Amino acid sequence: EAEVASRLEHTDRLASMGELAAGLAHEIRNPLAGIQSVLELLREDLESDTNKVELCDDVLNELGRVNQTLSLLLSSTRPSAPRLTDTDLNQLLDSVRVLLEPGLRRRRVALELRVAPDLGEVRLDALKIRQILVNLINNAAEAMQDGGQITVRAGAFPDREGVIISVADDGPGVPGEQLERIFEPFFTTKLTGTGLGLAIAKSQVEQHGGSLEVESEVGKGTVFFVLLPAPAAEAGPSESNLPSS
């Protein structure tokens with residue numbers, strides 16, 4: 001009952017965000033488009049002044065960030081049904097690694113992938129799951145100021161259909177009071193964060209009929225568990241069949 005109530009509360013919050021998003025899209029995006037057009041015209045007239053061109057580029061980049069935030073908000077409030085296909089998780093995770101490794105190296109963060117050899121193909125929306133994993137890995141990397149290790153594991157649930165993917169880091173961990181609110185829309189501890197990434201990830205996992213869970217210990221690290229689909233009976237991450245070291 002508590003889990004059902006929690007999901008209903010999360011759904012209600014996303015519904016409220018939908019009403020807000022519709023207003024934001026109309027009231028903010030149109031004037032932003034006008035501002036962007038004017039700046040682009042000004043930039044063309046300032047080609048000989050490098051400093052002013054750079055200032056225009058900075059402003060245009062900031063406008064891009066605002067548009068991206070609005071897009072995230074809209075995508076979380078207008079969820080589309082997952083497009084399920086038989087997916088090779090080895091290939092999916094490798095594409096995530098190729099995308100993120102350059103940035104992770106700059107942060108001195110090592111990424112390790114461990115997929116159970118007998119996992120086979122998994123029926124899921126590869127684009128949505130890829131987006132979720134990119135978000136979880138980037139969040140982990142940003143939390144590790146002095147570098148560290150991120151390990152992504154994928155394996156089947158024992159004795160039944162379904163898969164569990166975990167993203168573990170050895171970073172600073174999340175204090176209990178923050179952990180309780182970590183999936184709330186707009187809750188963030190980042191100076192430049194929107195607080196939408198994990199709320200969207202949770203919504204996308206639940207669209208698959210699954211659940212997104214987290215465990216963390218201050219000073220030791222954090223683990224996110226993507227459970228696909230949600231188990232029929234109560235089961236925790238400890239019952240999973242993730243590949244070990």
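The structure is a predicted model, in which local features need a pLDDT of at least 70 and side-chain atom pairs count only at pLDDT 80 or more, while totals for chains, interfaces and linings use all residues. Residues are numbered from 1 along each chain as its sequence is written, and side-chain values use heavy atoms, with hydrogens and water left out.

**Confidence**

- The protein chain has an average pLDDT of 80, and 73% of its residues score at least 70, where pLDDT is the predictor's confidence in each residue, from 0 to 100.
- Among the elements of the chain, the lowest mean pLDDT, 69, belongs to helix α1 (residues 2–45), and the highest, 96, to strand β5 (residues 163–169).
- For residues 230–239 the pLDDT is below 50, and this stretch has 14 contacts in the model beyond near neighbours in sequence, a contact being heavy atoms within 4.5 Å.

**Layout of the chain**

- The protein chain holds six helices and seven strands, which are DSSP runs numbered from the N terminus, with helices (H or I) of at least four residues and strands (E) of at least two.
- Read from the N terminus, the order of these elements is α-α-β-α-β-β-α-β-β-α-α-β-β.
- Of the 245 residues, 38% count as buried, that is, under 20% relative accessible area, with exposed meaning over 50% and partly exposed in between (1.4 Å probe, protein chains only).
- Among contacts in the chain with a separation of 6 or more, 72% come from residues 24 or more positions apart.

**Helices α4 and α6**

- The axes of helix α4 (residues 126–143) and helix α6 (residues 197–207) come within 10 Å and cross at roughly 145 degrees; axes are lines fitted to C-alpha atoms, for helices over the stretch in contact, with angles from 0 to 180 degrees between N-to-C directions.
- Residues making this contact include Ile 132 and Leu 136 of α4, together with Leu 198, Ile 200 and Val 205 of α6.

**The aromatic pair**

- The chain has one aromatic pair, counted when ring centres of Phe, Tyr or Trp (its six-membered ring) lie within 6.5 Å, with planes under 30 degrees apart called stacked, over 60 edge-to-face and the rest tilted.
- Phe 183 and Phe 224 form this edge-to-face pair, at 6.2 Å centre to centre and 75 degrees between the planes.
- Phe 183 lies in the loop between α5 (176–179) and α6, whereas Phe 224 lies in strand β7 (residues 221–228), 41 residues apart.
- Phe 183 counts as buried because its relative accessibility is 13%, and Phe 224 is buried with a relative accessible area of 9%.
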